[in-house]
Amino acid sequence: MTSKRGRPRHPDVLTPAEWRVVDAVRHGMSNREIATRRGISVDAVKFHVANALQKLGLARRAELRSWRGVPVGSALRASRQGVFDMALQLGVIGQISRPASDIPTAVHWYGEVLGLPHLYTFGDLAFFDCGGTRLFLSASEETAAEPSVLYFRVDDIQSAYDELLARGVEFESAPHLIHKHDNGVEEWMAFFPDPDGHLLALMAQV
């Protein structure tokens, strides 16, 4: 008897590494930005993108932006089982983003000076609680380039995405995983412009 060698077949359509790269592509990041954020080479990113395109039967990298896939083990997939479509009504602001020229200085100012509860910091990203609405600070040299992004909190981001598509909203990408917390909570988002081209977003925590 001989045993098969090599890594066992992954139960999902993409490997975990491919999912991380695909989600970054759906978030609008370039190959170089993904490589820097993930701590891998640009060639490794291109390798994962090429593998994902082949597995999904897509011809171009740009097609990943609108691909609606969700990982097999995702909390989003589990949360949608048995969900019935309901009328979409936006209103609850879950997050507002603002650029900051220096994250450590901003974290001190918003946290120590203003007294906002500091939730967590990931590299050049920092988050604070403003009475239930999350303030998202991201490092940027051009702090006055764009207005703040409004993130509308929804229970079912896939249904909300479908409803707004039907209303004529043009999304930049399909809903995609932004981050998975240590406690298993997943952050999903989808971005779209207003009539002036300023970004808005749907967000869901599952």
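Student: What kind of model is it, and how are residues numbered?

Tutor: It's a predicted model, where local features need pLDDT of at least 70, side-chain atom pairs count only at pLDDT 80 or more, and totals for chains, interfaces and linings use all residues. Residues are numbered from 1 along each chain as its sequence is written, and side-chain values use heavy atoms, with hydrogens and water left out.

Student: How many helices and strands are there?

Tutor: The protein has 6 helices and 8 strands. Helices (H or I, at least four residues) and strands (E, at least two) are DSSP runs, numbered from the N terminus. Along the sequence the pattern reads α-α-α-α-β-α-β-β-β-β-α-β-β-β.

Student: And how much of the protein is buried?

Tutor: Of its 206 residues, 37% count as buried. Buried means under 20% relative accessible area, exposed over 50%, and partly exposed in between, with a 1.4 Å probe and protein chains only.

Student: OK, the sheet. What order do the strands come in?

Tutor: The 8 strands form an open sheet in the order β2-β3-β4-β1-β5-β8-β7-β6, with mixed pairing. Two strands pair if DSSP finds at least two bridges between them. At the edges sit β2 (118-122) and β6, each pairing on one side only. On average, neighbouring strands of this sheet are turned by 25° against each other, direction ignored. Axes here are lines fitted to C-alpha atoms, for helices over the stretch in contact, and angles run from 0 to 180 degrees between N-to-C directions.

Student: Is the β5 to β8 pairing parallel or antiparallel?

Tutor: Parallel, with 4 bridges joining β5 to β8. L150 has L200 in β8 as its bridge partner. On the other hand, β1 and β5 (residues 150-153) pair in the antiparallel sense over 3 bridges, and I93 stands opposite F152 in β5.

Student: Which helix lies across β7 and β8?

Tutor: That's α6 (residues 157-166), which runs at about 150° to β8.

Student: What does F171 touch?

Tutor: Leaving aside neighbours within four places in sequence, F171 is in contact (heavy atoms within 4.5 Å) with Y161, L164, L165, A190, F191, F192 and L202.

Student: Switching to α5. Which of its residues are buried?

Tutor: In α5 (residues 103-113) they are I103, A106, Y110 and G111. Down the helix axis they fall within an arc of 110° (taken from the directions from the axis to the C-beta atoms), so they line one face. They pack against β1, β2, β3 (125-130) and β4 (133-139). The face turned away carries the exposed residues P104 and E112.

Student: Last topic, aromatics. How many pairs are there?

Tutor: There are 9 aromatic pairs, counting rings of Phe, Tyr and Trp (its six-membered ring) with centres within 6.5 Å; planes under 30 degrees apart count as stacked, over 60 as edge-to-face and the rest as tilted.

Student: Why does the Y120 and F127 pair count as tilted?

Tutor: Their ring centres are 5.0 Å apart and the planes are at 50°, so the pair is tilted. Y120 is partly exposed at 22% relative accessible area, while F127 is buried at 10%. Ring pairs also link Y120, F122, F127 and F136 into a cluster.
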